[in-house]
Amino acid sequence: MAKPYTMVPGFYTPAPDRYDRMEYHRCGRSGLKLSSISLGLWNNFGSVNVHENARQMLLTAFDLGVTHYDLANNYGPLPGSAEETLGRILDSDLRRYRDELVLTTKAGYHMWEGPYGDWGSRKYLISSLDQSLKRIKVDYVDIFYHHRPDPNTPLEETMGALADIVRQGKALYVGVSNYNAEQTAKAADILERMGVPLTIHQPRYNMLDRWVEEGKPSLCDVLLERGIGAAVFCPLAQGLLTDRYLNGIPSDSRAASPCVFLNEKAVTEDVLNKVRKLSALAGERGETMAQLALAWVLENPAITSVITGASRPDQIRQNVETLQKHVPLSEEEHKAIRAILTGEDA
Ligand code: NDP
């Protein structure tokens, strides 16, 4: 029998009850289970950020049963530095728990100069993953994604690279991100012919952006029909679906930061109006706005996990607490939420 790890002062010891509060859902029809709350390292884990805060966030998440950590080659800033931060925290605290972690990375957006550091060629995907493995200091990642569709590379080439990456043991599972329903179905067909399943999709989905539900078939239809899991990004609309902006734009928020993907212009009166009403509904249920927003996404049967971001450990605690607090929404509550989101309640 393995000897239990003894507590050594100054060394991190994970919470012994870390698996008690979290839920784990099977990713599509695969055998892989993901924590329903996951943590993304897109913002606040770069070399420009305070390392100790990044470390505390990761350890807080692990202590609460979060097993799934989402990265991409270009996360930082500087690009690549979020993967280096993870490598550093594995070294200092978590390497002995590597087999308790699902680590993911991606390639598909601009990473380096010249024709081989962007989009979806075999050349880019395979060399980018090799770089990521060195930065994270691991032999393999659990999931490798193609980050966005490439209109100029044959899908067979991109999927062929993913299949080879699995065969080489550099990733255990593969996925796609930002692919629409049709592209996803095609990618799944090609991979199936190669004997490698498309295990997971990573779409953007939240109360303010419901594109995955639209169209016939919708992306959700394709995922459910083919047994592909889904880990959703920006489930809190980068913080808009929280109480963060209800009383102005805090100076330490993402909207006030140099992040180019959310700025003060996104905090519109229309969004605030909706969030105020949703927040009141959440309050009546004894939940925070963030908890209602996360639970709402997780109630969609096509969704395996929400990849949350955070700027401090307390946000992670609150987000994981969703699972203890949430009681499924009634049909009336779903209707009321739909009416708020479409403006039909006015
Ligand atoms: P979220 O929508 O969860 O937004 C996270 C932000 O919301 C935090 O940084 C914080 O903002 C705020 N927040 C989080 N929890 C709380 C809370 N309880 N109370 C108040 N505010 C809260 O996700 P992200 O936009 O960060 O994206 C999550 C992950 O998704 C990324 O890290 C990445 O892994 C993945 N992603 C993938 C993409 C793709 O193309 N595949 C694209 C984008 C993201 P503040 O900083 O202001 O405190």
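**Helix packing, barrel and ligand shell in a predicted model**

Helix α8 (residues 289-298) packs with α9 at an angle of about 65°, and their axes lie 9 Å apart. The structure is a predicted model.

User: Why are α8 and α9 called roughly perpendicular to each other?

Analyst: Angles of 65 to 115 degrees count as roughly perpendicular. The angle between α8 and α9 is about 65°, and the two helices are therefore roughly perpendicular to each other. Their crossing is right-handed.

User: Which residues of α8 and α9 meet?

Analyst: From α8 come Ala-290, Gln-291, Leu-294 and Ala-295, and from α9 come Gln-318, Asn-319, Glu-321, Thr-322 and Lys-325. Sorted by class, this contact has three nonpolar, four polar and two charged residues.

User: What makes the pair α1 and α2, and how do these helices pack?

Analyst: Helix α1 covers residues 51-63 and helix α2 covers residues 81-94; they pack at an angle of about 65°, with axes 10 Å apart. The crossing in which α1 passes α2 is right-handed. On the α1 side, the contact is made by His-51, Ala-54, Arg-55, Leu-58, Leu-59 and Phe-62, and on the α2 side by Thr-85, Ile-89, Asp-93 and Leu-94. In terms of class, six residues of this contact are nonpolar, two are polar and two are charged.

User: What makes the barrel, and in which order do its strands close?

Analyst: Eight strands form the barrel, in the order β3-β4-β5-β6-β7-β8-β9-β10, and their pairing is parallel. From one strand to the next, the twist averages 30°.

User: How do you know that β5 and β6 pair?

Analyst: Two strands pair if there are at least two bridges between them. Strands β5 (residues 102-107) and β6 (residues 141-146) have four bridges, and they pair in the parallel sense. For Thr-105, the bridge partner in β6 is Phe-144.

User: Which helices pack on the sheet, and which strands do they touch?

Analyst: Helix α3 (residues 122-136) touches β5 and β6, and its direction makes about 140° with that of β5. Helix α9 touches β3 (37-40) and β10, and its direction makes about 155° with that of β3. Angles over 145 degrees count as roughly antiparallel.

User: What makes up the shell around the ligand?

Analyst: Its residues divide into ten nonpolar, 16 polar and three charged. Of the 29 residues around the ligand, those that come nearest are Gly-40, Trp-42, Phe-233, Gly-239 and Gly-309. Both β10 (305-308) and α9 (313-325) supply at least two residues each. The largest share, three residues, comes from α9.

Key. Residues are numbered from 1 along each chain as its sequence is written. This is a predicted model: local features need pLDDT of at least 70, side-chain atom pairs count only at pLDDT 80 or more; totals for chains, interfaces and linings use all residues. Axes are lines fitted to C-alpha atoms, for helices over the stretch in contact, and angles run from 0 to 180 degrees between N-to-C directions. A crossing is left-handed if the near helix is turned anticlockwise from the far one by less than a right angle, and right-handed if clockwise. Two residues are in contact if their C-beta atoms, placed from the backbone, lie within 7 Å. Ala, Val, Leu, Ile, Met, Phe, Trp, Tyr, Cys and Pro count as nonpolar, Asp, Glu, Lys and Arg as charged, and the others, Gly among them, as polar. A residue is near a molecule or strand if its C-beta atom, placed from the backbone, lies within 6 Å of it. Angles under 35 degrees count as roughly parallel, over 145 as roughly antiparallel, 65 to 115 as roughly perpendicular and the rest as oblique.
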